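Please read the following walk through a protein structure with the model open beside you. Look up each residue as it is named.

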Amino acid sequence: MSAAIHTPTSGFDFSNANRNAFLESKGVKMPKATSTGTTIVGCLFKDGIVLGADTRATAGPIVADKNCEKIHYISESIRCCGAGTAADTEFITALISSNIELHALSTGRKPRVVTAMTMLKQRLFQHQGQIGAALVLGGVDATGAHLFTIHPHGSTDKLPYVTMGSGSLAAMAVFESGWRPNLEREEALQLVVAAISAGIFNDLGSGSNVDACVITATHAEMLRNYVMPNVRVEKERKYGFRQGTTAWTREKVREMIVSEEIRPRAVAPGGEAMDTS
Amino acid sequence: MDHFPTNWGRPKYDGFDTNATYPFHDHGHNQSAAFAGATQHTQQPIVTGTSVLAIKYKDGIMMAADNLASYGSLARFKGVQRLHPIGDYTVVGASGDMSDFQYLQHVLDGLVISEEINAQDGHTLGPAEIHEYLSQVMYSRRSKMNPLWNSLLVGGVKDGQRFLAYVDLLGVTYFASTLATGYGAYIAQPLLRKAVEGRENTLTEPEARGILEEALRVLFYRDARSINQYQIATITANGVDISGSLKLETAWGFAEGIRGYGSQTQ
């Protein structure tokens, strides 16, 4: 009788887990998962959701990207901030964004925040925390405004104000002393900026600028680099070399392009023009 | 005589290997002292206090701490005073192991008495001297691998001069106009810095009190080893005043309308 061992076709294969545990007990150093320090926040206000994020991406103690974008697009009125391993947050939000678009086309309805949340949490749980994505998901749909946090192991929380990342304690301190129900748009934005700034100035894993995104029932407004409290001081001198620093004897300039004319091709009969929008 | 070259130039483990019988330096760390005459050092804190906060304001220093001494995750002792006055000019606030703090209180009280009796020169110990003494004691204990497991804030006013400093189990010292130990460093410091930095000379007493109370409230919300009962110490040119136990007002209705943790609507 053949005892067919069924290996699942999706998710991770955990057959090396025993081997790794044994090696670790013998003193072999396990590779450490790199976390990209971050401050991300989300806040419910009168008309919808405000999401906020800093813009620093770190690789250990080094700043890898001074102005990266951590507020990812899921659908027109749903956005997701990502903390943790940058590659994981980018790929998983892109994947779910794509699936949400297909789902919306299939159902003929505008996508809902709980749908994106369920897709994200089911995939993260399937991978047992190996996908290091800690997300703040927020948006407005037909059922109203919703704000969720999703942890790498797949647990979710539904709250009126949330923070994630290494700067989350600093940002949460600001929220706990400043949030109240039914804030106006300007008040909510100010609170989010204050919370992200607390993370930027008190946490070494966060820095540079503040990104914000305001989502209401009518429209979603992405405010990239909304506040820039860390602008580099203008360089006092120009550091180019003057012409003549290197001596030359002769100069000859040859035009590589003699003449150029661009004519758009006519659309073939019965075919569609390429969509270049 | 140590016959093993691998031990030369390295710290001696006299505590459990007096005659240097083992050739390898790394014998496994902190082996439990299982025989007579054994001494055990570097410990773990048992009964602990959480954050202490302190700020400089117009008239002097204000320091705050809650009244809890935890036993791991048990809220064991709820009437504990973690702010201790020393002499006439200083208050020392402690987080970390409470037994080590009680020992330090004993040592510092004895110090003030002996300075006064032995020297009899009219000089009294102010906050700067207390802090310097503590930092010497703490660093020397850490160098003997037998620390006093505390993070201390020393604040006071003497001769019109405000003093506020931090010293901990490693002997690290730090001076600033806002200080916080424990979780306060992550949660309260951002709030204290925003509210105080630049305004140390104009902040009034009720404003300073409000700032510390707000920070303590946020700590009660977010630190799982805190309670809402606290004390505030105010030190000015008029001396030290440690308030009685006060209670924090809190609001827990922020998620009243929410059901479940995901897609649940009922």
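**Charged pairs, the interface and the active site**

B:Glu214 is partly exposed, at 25% relative accessibility; here buried means under 20% relative accessible area, exposed over 50%, and partly exposed in between, with a 1.4 Å probe and protein chains only. This is a predicted model, in which local features need pLDDT of at least 70, side-chain atom pairs count only at pLDDT 80 or more, and totals for chains, interfaces and linings use all residues. Residues are numbered from 1 along each chain as its sequence is written, chains are lettered from A and ligands numbered from 1 in the order in which they are written, and side-chain values use heavy atoms, with hydrogens and water left out.

The side chain of B:Glu214 forms a salt bridge with that of B:Arg217, at 3.4 Å from N to O. A salt bridge here is a side-chain nitrogen of Lys or Arg within 4 Å of a carboxyl oxygen of Asp or Glu. Side chains of opposite charge can pair when their charged atoms come close. B:Arg217 and B:Glu214 are about one helical turn apart, because three residues separate them in position along helix α4 of chain B. Helices (H or I, at least four residues) and strands (E, at least two) are DSSP runs, numbered from the N terminus. B:Arg217 is buried, at 19% relative accessibility.

Over all chains, the rule gives 12 salt bridges. In chain A, A:Asp211 and A:Arg224 form one of 2.6 Å, N to O. A:Asp211 is in strand β11 (residues 210-216) and A:Arg224 in strand β12 (residues 220-227) of chain A, so the pair ties together parts 13 residues apart in sequence. A:Asp211 is buried at 0% relative accessibility, whereas A:Arg224 is partly exposed at 32%.

Another salt bridge crosses between the chains. Which side chains meet in it? They are those of A:Glu176 and B:Arg222, at 2.8 Å from N to O, and the rule finds one salt bridge across this interface. In total, 19 residues of chain B are in contact with 21 residues of chain A, contact meaning heavy atoms within 4.5 Å. The area buried between the chains is about 1,600 Å², with 66% given by carbon and sulfur atoms; buried area is the accessible area (1.4 Å probe) that two parts lose on being put together, summed over both. On the chain B side, B:Arg222, B:Phe254 and B:Tyr261 lose the most area to chain A, together 31% of what that side buries.

Now turn to A:Thr38, which the UniProt annotation "active site" (unreviewed entry) covers. UniProt positions are given in the numbering used here, feature names are shortened, and annotations may be inferred rather than shown by experiment. A:Thr38 is in the loop between α1 (17-25) and β1 (40-45) of chain A. Is this residue buried or exposed? A:Thr38 is buried, with a relative accessible area of 0%. Its side chain makes a polar contact with the side chain of A:Lys70, at 3.1 Å. A polar contact is a pair of N or O atoms within 3.5 Å; within protein, one must be able to donate a hydrogen and the other to accept it, and residues adjacent in sequence count only if both atoms are side-chain atoms.

A search of the whole structure finds zero disulfides over all chains, a disulfide being a pair of cysteine sulfur atoms within 2.5 Å. The sulfur of A:Cys43 is too far for a bond, because the closest cysteine sulfur, in A:Cys81, is 12 Å away.
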